[in-house]
Amino acid sequence: MTFAELQESIIRETAPPEGASPVVQALWHDARGDWKRAHECVQDDTSREGSWVHAYLHRKEGDLGNARYWFAQAGRPARSPPAPAAPAARRACGSPRSLHA
């Protein structure tokens, strides 16, 4: 699945693409405005990518202390404003061409 296909699925589908990683599922739900569901997708994911998206979600929520913790777990610096989901999806997945686990 390409990044463009993921974007299209956000617009047209009612669920994340089958086989998408928890990180991509979280970003998919966040892009659809479902923060709670996005958080559930990465809540137990302690990988660097999962921690990074977890941090992004808490920063977006305004819980900066929690966000700082998860940024540290991800080995990434904490930043003030939340990054848009689309660039975060590209970076979290490593490659815009492969978005499946």
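This is a short walk through one protein chain, from its overall fold to a few side chains.

Keep in mind that the model is predicted.

Start with the fold. The chain has 6 helices and 0 strands. Along the sequence, the pattern reads α-α-α-α-α-α. There are 101 residues in the chain, and 39% of them are buried. What about contacts along the sequence? Take the contacts between residues at least 6 apart: 43% of those join residues at least 24 apart. As for the surface, the chain exposes about 5,800 Å². Carbon and sulfur atoms supply 48% of that area.

Now the inside. Which residues make up the largest nonpolar core? It has 9 residues in all: Val23, Ala26, Leu27, Ala38, Cys41, Val42, Val53, Tyr56 and Leu57.

Is H4 mostly covered or mostly open? Mostly covered: 10 of its 14 residues are buried. The buried stretch takes in Gly50, Ser51, Trp52, Val53, His54, Ala55, Tyr56, Leu57, His58 and Arg59. So look at the core list again, with one general point in mind. An α-helix has 3.6 residues a turn, so residues three or four places apart point the same way. Just after H4 comes Gly62, with a positive phi of about 100°.

Trp52 deserves a stop of its own. This residue is one of the buried ones in H4. Arg76 lies over the face of Trp52, at 3.3 Å from the ring centre.

Last topic: aromatic pairs. How many does a search of the whole structure find? The search finds 1. The partners are Tyr69 and Trp70, with ring centres 5.0 Å apart. Their planes sit at 85°, over the 60-degree cut-off, so the pair is edge-to-face. Are the two partners buried or exposed? Tyr69 has 45% relative accessibility, so this residue counts as partly exposed. Trp70 has a relative accessible area of 13%, under the 20% limit, so Trp70 is buried.

Note on methods. Residues numbered from 1 in each chain as written. Predicted model: local features only at pLDDT ≥ 70, side-chain atom pairs only at ≥ 80, totals over all residues. Heavy atoms only, no water. Core = buried A, V, L, I, M, F, W, Y, C linked by side-chain atoms within 4.5 Å. Buried < 20%, exposed > 50% of the residue type's maximum accessible area, 1.4 Å probe, protein only. Phe/Tyr/Trp six-rings, centres within 6.5 Å; stacked < 30°, edge-to-face > 60°. Lys NZ or Arg CZ within 6 Å of the ring centre and 35° of its normal. Helix = DSSP H or I, 4+ residues; strand = E, 2+ residues; numbered from the N terminus. Contact = heavy atoms within 4.5 Å. Areas by Shrake-Rupley, 256 points an atom, 1.4 Å probe, with all protein chains shown as cover.
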